[in-house]
Each structure stands twice: as C-alpha cells, then as structure tokens.
Amino acid sequence: MGYQDDYAMRTITDLVRAIARLALGKEDISYELSQNPEDDRGPEALYRRITAMAEAGDINGAENCLYEELDTDDTGYLEMGLAFYMFINQFSDEFLYGASYSREEVVDGINSLSAQFGISGFESFVDTTIL
C-alpha cells in the first residue's frame, strides 16, 4: 500500500469520525455483532448480511441492500451504515477495483448516507481528485 492509498484511507476514516461526532456524539465507530447470528435484529442483521456480500466482492449489491432497508428514523442505521463504509474502506484498492468500486464511491456513499439522515456539509471534506 502506497502513501497515497494510506492517506486516502485515513482521510475517509476522519470523515466518518467527524460525522459520528456530530450526529451520534461518538468519537469513533466500532460496530460489534453478537456471536450468534440468530440474535441479530434490525441494523445488526443488515450489517452482517451486507458485510458478507462485500467480502464476497458484491459491494454494489451490498450498498443497494443498505439503502433499500435503511430506516432513517433510527440512528442505529446511521451508525451501522458508517461502520459498513469503514469496513469497505479497509479493502485494498485492487479488491475494490475487482468489485467495480472505488474509494471515491466510499466517500460518495458516506455523504449520501449522511444526507439521508439530514446531515450535510461534508461533501468537500475529502478531496476525491486524489482518490
């Protein structure tokens, strides 16, 4: 991983942290799932499903699933969605490219998710020209 890749990943992480701080009052996003998938409900069940899809290379399908099942009345879904984009951000550029996805799409997804919850103003936080 080159310096530019590392910088892009850190900048995306900083974007998520800023939104989490503003909207959720949290310094960081760490999404914990139960050991037993049968115990998952709501955002937990969705998170487990979409991260498995993303790991299998279907990031676009996972993202579509996220937006189809998003409940904007529950900030737990915002936290879960931000955790999902942090999860995707950890993939290598090669993996993202192979899945027809990019770091720029990670940033766009974070901003789109935030907008669904009435949060805006972060669109220029990450210079996507370097991604």
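In what order do the elements of the chain run from the N terminus on? In this predicted model, the answer is α-α-α-α-α-α. The chain has 131 residues, and 42% of them count as buried. Among contacts with a separation of 6 or more, 66% come from residues 24 or more positions apart.

Helix H2 covers residues 43-55. With its 13 residues, H2 reaches 18 Å from the first C-alpha to the last, close to the 18 Å expected at 1.5 Å a residue. Its buried residues are Pro43, Leu46, Tyr47, Ile50, Thr51 and Ala54. These sit on the same side of H2, because they cover an arc of only 120° around the axis. As to what lies over them, the cover includes helix H3 (59-69), helix H4 (75-89) and helix H5 (93-98). Just after H2 comes Gly57, which takes a positive phi of about 95°.

Thr51 is worth a look of its own. This H2 residue has a relative accessible area of 10%, which is under the 20% cut-off, so Thr51 counts as buried. A polar atom of the Thr51 side chain lies 3.2 Å from the backbone oxygen of Arg48. Setting aside neighbours within four places in sequence, Thr51 is in contact with Phe84 and Phe87.

Notes: Residues numbered from 1 in each chain as written. Predicted model: local features only at pLDDT ≥ 70, side-chain atom pairs only at ≥ 80, totals over all residues. Heavy atoms only, no water. Helix = DSSP H or I, 4+ residues; strand = E, 2+ residues; numbered from the N terminus. Buried < 20%, exposed > 50% of the residue type's maximum accessible area, 1.4 Å probe, protein only. Polar contact = N/O pair within 3.5 Å; in protein donor to acceptor, adjacent residues only side chain to side chain. Contact = heavy atoms within 4.5 Å. Expected span 1.5 Å × (residues − 1). Arc of directions from axis to C-beta.
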